[in-house]
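Please read them with the structure open.

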Amino acid sequence: MAAAAVAVAEPKTKYDRQLRIWGDQGQAALEKASICLLNSGPTGTEALKNLVLGGIGSVTVVDGSKVEPSDLGNNFLCNSRVNKECLGQSRAQSVCSFLQELNDAVKVKYVEESPGTMIDTNPSFFSQFTVVIATQLPESSLLKLDGICRAADIVLVAARSYGLTGLVRVSVKEHCVIESKPDHFLDDLRLHNPWTELKQFAKSIDICDKDPVVHKHTPYIVILVRLAEKWADAHDGKLPSTRQEKREFKDLIRAHMLNVDEENYKEAVESSYKVSVTPGISTEIRQIIDDSSSEVNLSSSDFWVLVAALKEFIANEGNGDLPLEGTIPDMTSQTEYYVSLQKIYQAKAETDCLAMEHRVKNILKRIGRHPDSISRAYIKTFCKNARKLRVCRYRSMEEEFNAPVISEVQKYFADEDSCFAMNFYILLRAVDRLAANYSRLPGIFDSEIDEDVPRLKVAAVSVLSDMGLNGTSLSEDLVTEVCRFAGAEIHPVAAFIGGVASQEVIKLVTKQFVPLMGTFIFNGIDLKSQVLAL
């Protein structure tokens with residue numbers, strides 16, 4: 001039989017599906033990123049496999065271990081060697097050879113060194129990376145690494161699988177997101193405050209036209225602009241605000257229908273609430289605009305320069321509003337009307353973007369930077385997403401461990417759904433304390449499980465005491481179960497935790513979507529997960 005020809009994917013089609021999610025800009029950011037993985041066990045290799053398949057720029061694996069028989073049974077990138085030829089070899093080297101086979105466009109390197117030793121003896125090593133993924137690190141090493149990464153402004157993602165539980169935690173001083181891409185967000189149509197061109201277009205269409213074709217294909221935006229103006233004229237310039245007024249406004253829309261099957265008028269009734277949207281800027285965006293970082297200087301990031309420009313825009317050209325997004329949803333309409341509406345919204349968005357660009361250039365000159373150092377494409381993306389900006393600031397791991405937000409912790413312990421996650425969080429930290437005292441994880445030897453259970457409980461009480469939670473009790477059954485886990489990295493759990501970790505890395509690298517704001521805990525016993533903000 002003749003060998004089948006293998007089609008080699010072109011760069012533009014190779015990542016086609018993911019490009020639809022995060023676009024060319026996001027993919028370019030991925031391809032520039034440099035990732036460091038500490039420990040190439042099941043959790044780490046699952047995370048790295050996803051990133052390599054996604055086209056991450058380069059990866060470096062730090063691991064001083066050798067491939068053992070246990071790796072062949074639970075490590076995705078070691079168990080393919082049917083003839084076990086990698087047994088006894090460098091685990092980092094073996095894993096990297098498989099990673100390279102997954103995507104030859106990614107630069108893959110390895111360092112045969114213990115991550116703990118690297119953290120202690122060569123902290124400057126980590127400053128070359130975009131993101132460090134630390135897997136299966138004990139608390140003491142993780143605290144040191146977090147300090148190193150924060151000092152160098154490197155993103156740290158900690159991931160750990162432990163029996164039927166696991167965690168993922170992001171740590172970085174500040175992460176600014178322009179394209180947060182929320183699942184649900186109200187269209188920016190400005191029906192409460194239409195600008196001149198939109199008003200003129202709406203007035204050019206007679207919503208009382210008896211021609212059934214015209215009447216049934218007038219866009220609901222036009223209907224709402226016209227009837228909102230009619231309502232305001234009869235109510236001292238005010239739009240419907242109370243429940244009764246909103247009901248009456250819907251009745252006004254229905255009164256203009258010629259037939260019950262007019263979809264455009266049904267859309268107008270369903271979208272009538274958009275007329276009553278309270279004008280202004282959301283509390284979240286207002287906090288960003290008023291943040292002290294918006295007082296920019298030469299060392300300010302591009303994001304904060306744009307926020308400073310946004311603040312000026314709102315006070316001037318925006319007349320209290322943010323830049324218009326410039327997109328409209330699908331609706332029942334004549335093609336001519338819909339295209340005209342699109343052009344009106346796009347023209348307004350372009351005008352706002354030009355005003356923002358002018359202000360950005362002036363600010364850059366003022367702080368001593370080149371006026372063209374921020375691209376127009378970046379400014380345009382910022383304007384389009386101005387209502388969805390997010391600034392994520394993370395407490396250091398040392399702050400979380402030594403000074404947790406007690407009110408939040410107490411709330412989690414009191415909540416039935418969060419209580420198990422909080423128990424796992426405490427017990428995972430207790431495991432490290434016990435391991436530090438006995439130089440082994442609890443439950444490693446079957447003969448000592450009965451002794452390890454009370455030891456782990458004492459360690460957990462110590463963790464609770466240090467957190468200021470004296471008197472808080474843990475589930476006895478869960479303490480026993482964690483001992484029985486014996487530190488095992490079960491492949492299904494490792495695959496899930498690694499998948500979550502790689503997803504967070506993609507969010508952080510592309511600066512799209514909002515990363516986890518807290519410690520993600522997976523409860524494999526009940527198949528539940530929880531994010532704990534501590």
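Predicted model: local features only at pLDDT ≥ 70, side-chain atom pairs only at ≥ 80, totals over all residues.

Which helices each supply at least two residues of the lining of the second largest pocket?

1. Helix H15 (335-366) and H16 are the ones that do, each with at least two lining residues. This second largest pocket holds about 530 Å³ of space. Its lining comprises 24 residues, and Glu325, Gly326, Thr327, Lys384 and Asn385 are the closest to its centre. Sorted by class, the lining has ten charged, eight nonpolar and six polar residues.

2. Overall layout. The chain has 534 residues, and buried residues make up 50% of them. Its secondary structure consists of 22 helices and ten strands. The C-alpha trace spans about 85 × 65 × 60 Å along the principal axes. Of the contacts between residues at least 6 apart in sequence, 71% join residues at least 24 apart.

3. Domains. The chain is divided into four parts: domain 1 (2-174 + 490-532), domain 2 (196-276), domain 3 (283-393) and domain 4 (401-485). Between the C-alpha centres of domain 1 and domain 2 the distance is 53 Å.

4. The largest pocket. Its volume is about 890 Å³. The lining counts 29 residues, with His175, Cys176, Leu508, Val509 and Lys511 closest to the centre. Two or more lining residues come from each of helix H2 (16-32), strand S7 (174-177), helix H14 (302-315), helix H16 (376-384) and helix H22 (491-510). H2 gives the most, five residues. By class the lining divides into 14 nonpolar, eight polar and seven charged residues.

5. The largest nonpolar core. This core has 53 residues, of which Leu38, Phe126, Val132, Leu145, Met422 and Ile426 touch the most other members. Helix H19 (residues 416-438) contributes the largest share, ten residues. At least three residues of the core come from each of domain 1 (2-174 + 490-532) and domain 4 (401-485). Leaving aside residues up to four places away in sequence, Phe126 touches Cys36, Leu38, Met118, Ile119, Val132, Leu145, Ile148 and Ile154. Another core, of 45 residues, lies apart from the largest one; among its members are Ile56, Leu77, Ala92 and Val500. As general background, nonpolar side chains tend to be buried together in soluble globular proteins.

6. Backbone check. Two residues other than glycine deserve a look. Lys181 has a positive phi, near 50°, and is found in the loop between S7 and helix H8 (196-203). Asn319 also has a positive phi, near 50°, and sits in the loop between H14 and H15.

7. Are these two residues buried or exposed? Lys181 has a relative accessibility of 27%, so it counts as partly exposed. Asn319 stands at 68% and therefore counts as exposed, the cut-off for that class being over 50%.

Methods: Residues numbered from 1 in each chain as written. Heavy atoms only, no water. Domains from an automatic or database assignment. Core = buried A, V, L, I, M, F, W, Y, C linked by side-chain atoms within 4.5 Å. Buried < 20%, exposed > 50% of the residue type's maximum accessible area, 1.4 Å probe, protein only. Helix = DSSP H or I, 4+ residues; strand = E, 2+ residues; numbered from the N terminus. Contact = heavy atoms within 4.5 Å. 1 Å grid on protein atoms, 1.4 Å probe; cavity = no way out; pocket = protein on both sides within 12 Å on 5 of 7 lines; lining within 4 Å. Points joined across faces, edges and corners; volume = space filled by probe spheres on them. Nonpolar A, V, L, I, M, F, W, Y, C, P; charged D, E, K, R; others polar.
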